[in-house]
Structures are given as structure tokens and as C-alpha cells.
Amino acid sequence: MIKYPFLSLKELTTPIAEELNAAAAEVIDSGWFVNGKKVAQFEENLKNLCKTEYAVGTSNGLDALRLILRGYIELGVMKEGDELIVPADTYIATVLAITDNKLVPVFVEPDINTLNLDTSLIESHITPKTKGIMVVHLYGSPCWDETLVNVAKKYNLKVIEDNAQAIGAKAKYPGFSGNFITGGLGDAAGNSFYPTKNLGALGDAGAVTTNDKELAEVVKALSNYGSNVRYNNLYQGLNCRLDEMQAALLSVKMNYLEAENAHRRKLAAIYNNTITNPAIIKPLIEREAVQVWHQYVLRTENRDRFKAYLTENDVGCDILYPVPPHLQPCYKEYANLHLPVACEIANTVISIPISSMTSEQDAKEIADIINSFRG
Ligand SMILES: *Cc1c(COP(=O)(O)O)cnc(C)c1O
């Protein structure tokens with residue numbers, strides 16, 4: 001086995017297997033598997049975590065984002081052909097949620113230092129068709145500042161957070177509701193509990209968090225065939241529900257989220273203090289925000305050689321993401337956009353181990369290995 005694995009879901013799950021088994025057994029014994037108490041309980045827990053009025057469980061993170069936008073369409077806030085600002089460097093699911101609803105993504109360059117959307121570039125991309133901004137708290141770093149909040153207010157734009165990678169993070173600047181916690185900063189947020197995320201289910205799961213009662217109700221109905229009351233279908237809905245089993249398991253795992261995030265911050269600090277190789281660019285540690293380090297992302301011009309070097313030295317690594325959404329074969333219509341910063345990031349990033357299965361000692365050893373790399 002590799003000495004410093006990138007991530008092993010088995011190793012992450014085994015220490016709490018007994019508790020998870022007990023939660024699963026309770027669901028099995030209850031004979032109730034969809035739309036029950038476990039989902040309601042998890043939604044309650046998530047509301048408390050994100051400090052929002054509403055949380056609606058969904059089948060996964062992409063569906064959470066799709067349902068938010070579909071909800072805005074049903075409410076008449078958005079319509080086919082309207083534009084949404086989106087960072088050019090993100091996981092493709094962010095963009096898929098937009099185009100699935102026949103809305104138009106307007107790609108805006110990220111900041112080369114934060115790797116998040118460069119909020120100073122938003123205003124120049126706004127047109128009469130712009131209805132919202134989809135921010136992504138990429139790698140667990142909140143993308144939120146005064147510039148963003150002001151531009152959203154000025155043009156009356158909805159701000160939707162893609163909180164898939166940042167559950168439990170805190171921005172340095174409050175959201176519309178005075179909240180600092182990601183998932184509760186904007187008008188609505190899509191959360192993902194894909195197994196590799198900081199709060200991972202044992203399968204697919206997601207949720208919408210929001211303070212908007214109308215939106216929460218529409219999303220809930222849309223996720224359940226468009227039905228608000230049984231056999232009354234308000235919308236031509238979907239089936240995108242969170243199930244009782246995943247909800248029960250997630251409520252157990254949520255008890256460990258804070259410790260997981262704190263451990264990741266410790267490892268990030270060790271990497272940050274110990275890695276000194278001039279060929280390697282480290283991610284920004286934001287002093288005022290609370291990052292949750294879904295990924296610890298280095299950048300280097302010699303990525304191929306660095307990757308081979310890490311592999312030779314038994315250090316697991318991964319590239320998130322090697323190709324930006326606008327260059328994917330499914331988005332040929334955007335292939336000619338000039339987005340050099342997004343491309344530069346895609347060509348240079350590499351993630352190293354950062355999870356509860358990496359010890360502080362491991363992190364020091366990994367940093368030493370990285371310092372011995374001759375770029
Ligand atoms: C994982 C992820 C998603 C999608 O979540 P799923 O639960 O896998 O559907 C969306 N956006 C970002 C940034 C993600 O990392």
C-alpha cells in the first residue's frame with residue numbers, strides 16, 4: 001500500500017463503522033425509507049450548521065444546484081436564456097446545473113492567488129439578461145467579499161453558492177442575512193455530500209440551504225414530482241430526494257465534521273509553514289476567513305515531473321481539475337473564450353493529501369519530500 005495515500009474512503013469510514021451500522025439498522029428496522037424522520041432530522045441539523053431558515057435534502061449536489069435554478073424559473077425570477085455569472089475554474093457540475101435549466105453561463109476569470117472567482121471582474125460581465133451569480137467556494141475557501149455583495153445588490157442579482165466543497169467554512173465578510181457561514185451567505189446554496197467531500201455520505205446525497213421560504217417550498221416540491229401535497233402536482237417536477245438511509249448516516253457523520261475540518265486546517269498550516277521549495281506555489285491561507293481545505297492545492301510549472309516525483313516517493317496526489325468546463329467536449333460553443341487564468345490554473349494545479357487519514361507527522365514528511373523536489 002502507498003505510504004501517504006491521497007484519500008481512502010474505507011479508512012475514513014472504519015473508525016465510526018459501529019455508529020454507522022447502528023444508524024443503518026435503525027432505518028432498516030423502521031421499514032420507512034423515503035420522506036421520513038431521518039431526512040427531517042438531518043435537514044434540521046443542516047439548518048443549524050449553516051444558520052439558515054430552511055434546508056431541503058436532495059439526491060446529490062448537482063441536483064441541489066439544478067433545483068435552485070429550476071425553482072427560480074418556476075417563481076418567475078429567471079427564464080430560459082437568462083445569464084448567470086460563474087467562475088471559469090470550477091468543477092463542471094456548477095455549469096451543468098445552469099445549462100440543464102437552459103440558462104446561459106457567463107464565465108468570469110478566477111483570481112490566480114485565491115483560485116476563486118475574481119469578484120472585481122463581475123460588473124463588466126453584467127448585461128440586461130444577467131439574473132444571478134453562482135459563486136463557488138472552491139477547495140473549501142469561501143468566495144465572498146464586499147465587492148460581490150455590492151454588485152449583487154446594485155443589479156438585483158440572486159447569489160447562489162456552490163457550497164459542495166466548503167461545508168463548515170466561514171467567510172470574512174457576512175452574507176445577506178449577516179451570516180458568516182458558507183451555505184447561508186447568499187440567497188440559496190447547493191451542498192454536496194458525495195463520499196469524498198468533507199461531510200460525505202455513503203453514497204450520493206446533497207441539500208439546498210436557504211432563508212427564502214418560497215424557494216425552499218418550490219425546491220421541496222420539485223424534488224418530489226412537483227407535489228406539495230400527495231397527489232397534487234403544482235409543477236412538472238423531478239424525483240431528486242434524499243433518502244432515509246443516507247440522511248441517517250449523514251447525521252452521524254455530521255458530529256465529526258468540525259473535528260475533520262479542524263484537522264485539515266492543522267495540516268494546511270503544517271504544509272504552509274514547512275513547504276519552502278521555490279518551484280512550488282502554495283495556496284493562500286486567509287487570516288480572517290475559516291477555510292475547510294477540501295483540497296490543499298499546490299501549483300507548479302513542472303507538474304508532470306512533480307507528479308511523477310510524488311508518486312515515486314509514495315505520496316498520493318490528484319489533479320482537480322485538469323480541464324476547465326469551457327474546454328470540455330460537451331461545451332464546444334464556449335471553446336473559443338479567452339480565459340487564460342482559468343487555463344493557467346488547470347495546467348498547474350496538483351492536490352496533495354489532506355484528510356483525517358493523514359497525520360501531522362505524515363504532513364511534515366510529505367512537506368520534506370516536496371522540499372527535496374528539484375524543479
Ligand atoms: C462535488 C461537486 C458538485 C456536485 O456534487 P455531487 O454531489 O457530486 O453531484 C458540484 N460542485 C462542486 C464544486 C463540487 O465539488
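At what angle do the axes of helix H3 (residues 37-50) and helix H8 (residues 244-254) cross? The axes cross at roughly 40° and come within 8 Å. The model is predicted, with local features needing pLDDT of at least 70 and side-chain atom pairs counting only at pLDDT 80 or more, while totals for chains, interfaces and linings use all residues. Residues are numbered from 1 along each chain as its sequence is written, and side-chain values use heavy atoms, leaving out hydrogens and water.

Two packed helices are described by the angle between their axes and the distance between the axes. Axes are lines fitted to C-alpha atoms, for helices over the stretch in contact, and angles run from 0 to 180 degrees between N-to-C directions. Helices (H or I, at least four residues) and strands (E, at least two) are DSSP runs, numbered from the N terminus. H3 passes H8 in a left-handed crossing (the near helix is turned anticlockwise from the far one by less than a right angle). On the H3 side, the contact (heavy atoms within 4.5 Å) involves Lys37, Lys38, Val39, Gln41, Phe42, Asn45, Leu46 and Leu49. H8 contributes Glu244, Ala247, Ala248, Leu250, Ser251 and Met254. Eight of these contact residues are nonpolar, three are polar and three are charged (Ala, Val, Leu, Ile, Met, Phe, Trp, Tyr, Cys and Pro count as nonpolar, Asp, Glu, Lys and Arg as charged, and the others, Gly among them, as polar).

Helix H6 spans residues 146-154. Its residues Leu148, Val149, Val151 and Ala152 are buried (under 20% relative accessible area, with a 1.4 Å probe and protein chains only). The buried residues of H6 pack against strands E4 (130-136) and E5 (158-162). Asp145 caps the N-terminal end of H6, with a side-chain oxygen 3.3 Å from the backbone nitrogen of Thr147. Just after H6, Asn156 has a positive phi of about 55°.

Gln295 sits in the loop between helix H9 (257-274) and strand E10 (296-299). Gln295 counts as buried because its relative accessibility is 8%. Its side chain joins that of Ser351 through a polar contact of 3.2 Å (a pair of N or O atoms within 3.5 Å; within protein, one must be able to donate a hydrogen and the other to accept it, and residues adjacent in sequence count only if both atoms are side-chain atoms). Leaving aside residues up to four places away in sequence, Gln295 touches Phe6, Tyr139, Leu320, Ser351 and Ile354.

Note on methods: Buried means under 20% relative accessible area, exposed over 50%, partly exposed in between (1.4 Å probe, protein chains only).
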